[in-house]
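Please keep the sequence and the coordinates at hand.

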Amino acid sequence: MTPDSIFAGAEERRKGSRYREALKLYRKAFAEYSLVGDSDGKLQCLLSIGDTLRMTGDFKAAGSAYDEAAALCRKKKDSLLLADSFVGLGLSKRALGFWKEALILFNKAQKIYTKNSDKEGTAFALWAAGGAYRVKGDLKKAIGAFRDAKKIFSELGTPGERMRGSGYCLCGLGGASRIAAGWEASMKYYTEANAIFRRLKDRFGTAYSHCGIGNAFRIKGDYGNALKHLNKAEQIYKSIGDIVSYSYTVWSLGMLHMMNSRLKTAEKYLSRAAALFAKTEDVRGSIYFKLATGELMFLRGEKKAAKRAATEALRLSADKMFMLEQCHSESLLNYINGVKNSSGCYKRLGSDLRFNAIPFNIP
């Protein structure tokens, strides 16, 4: 087999969300391209290896692949692929909680794309920045970036490409809207995205939107439908090997069972989520685990343990400057200490969230 045919096989598997198989083939293709001295082939492999590692939660290894790709881009003076490597590296940084570094990289990439009149790249960088603003807790900028990206995606490429780009922007809007306490808008966005991804047979996107729909139902208080959609998301994520999204879905299932007063079941799911967050070194995920643990301990009457968990969540979120998670932590700590209805922090972020009793139905 030629390096090109091996690479094509890897691409086909990645499109089918068969990430483990794709990664093996990308590495094989990279070795073959190296033997024949094909720098273009090596570069494409490095970017694809980075993307695949990122999808499976190995963010540090993904970052190394993108760094190597960026070095090769500079050597070849390929500015557009350099921008692609910046976005990939930024997404890896974002996943590890380094939203400031991620935004710098996305901004650099966007400038390159704009200079080269690459609208698709510009839209991708905007979508990525929207997610970074979401991690930061800046809901207004997150929603603005997702909307701008969606507008550009809707005017580009083939119908399938337009739909896929719009679908991911809709998911971004769904997540930001849920945080702003707009579960109806969140449900609308995720439902539209789900229809798009099912039509495209995009397994990752389908799982992503099912998870969003499930969480919207959870926030609404419709736990039966929430369980149905979260279970669908869990099954797909598990089958495609996406440990990152799977971790948050497991956490959501834990929260759902806590809301239903099934504390032992909730603890089982939350423990699984904690192990997965630790595996991917996801600090933000670990904060959500500690928040949920604080609630669980409080419900069991273990106030001191609840306070320790909430205090640790506050320390970690302040350290990473995750503004929304700081609000969650402060609200939980205040409630444990007898201070109720502390919603001022959320209002400053542009959110109408308000928690009146534990368990908090954290979006």
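Predicted model: local features only at pLDDT ≥ 70, side-chain atom pairs only at ≥ 80, totals over all residues.

A residue is called buried under 20% relative accessible area, exposed over 50%, and partly exposed in between, with a 1.4 Å probe and protein chains only. K188, at 49% relative accessibility, therefore counts as partly exposed. K188 is found in helix α10 (residues 183–200); helices here are DSSP runs of H or I with at least four residues, numbered from the N terminus.

Residues are numbered from 1 along each chain as its sequence is written, and side-chain values use heavy atoms, without hydrogens and water.

Helix α12 (residues 223–240) has buried residues, among them Y223, A226, H229, L230 and A233. Their cover includes α2 (19–36), α11 (203–220), α13 and α14, where contact means heavy atoms within 4.5 Å. After α12 comes G241, with a positive phi near 80 degrees.

The axes of α13 (residues 243–259) and α14 (residues 263–279) come within 8 Å and cross at roughly 160 degrees; axes are lines fitted to C-alpha atoms over the stretch in contact, and angles run from 0 to 180 degrees between N-to-C directions. The crossing angle makes α13 roughly antiparallel to α14, a term for angles over 145 degrees. Residues in this contact include W251 and H257 of α13 and Y269 and R272 of α14.

Conventions:
Helix = DSSP H or I, 4+ residues; strand = E, 2+ residues; numbered from the N terminus. Parallel < 35°, antiparallel > 145°, perpendicular 65-115°, else oblique.
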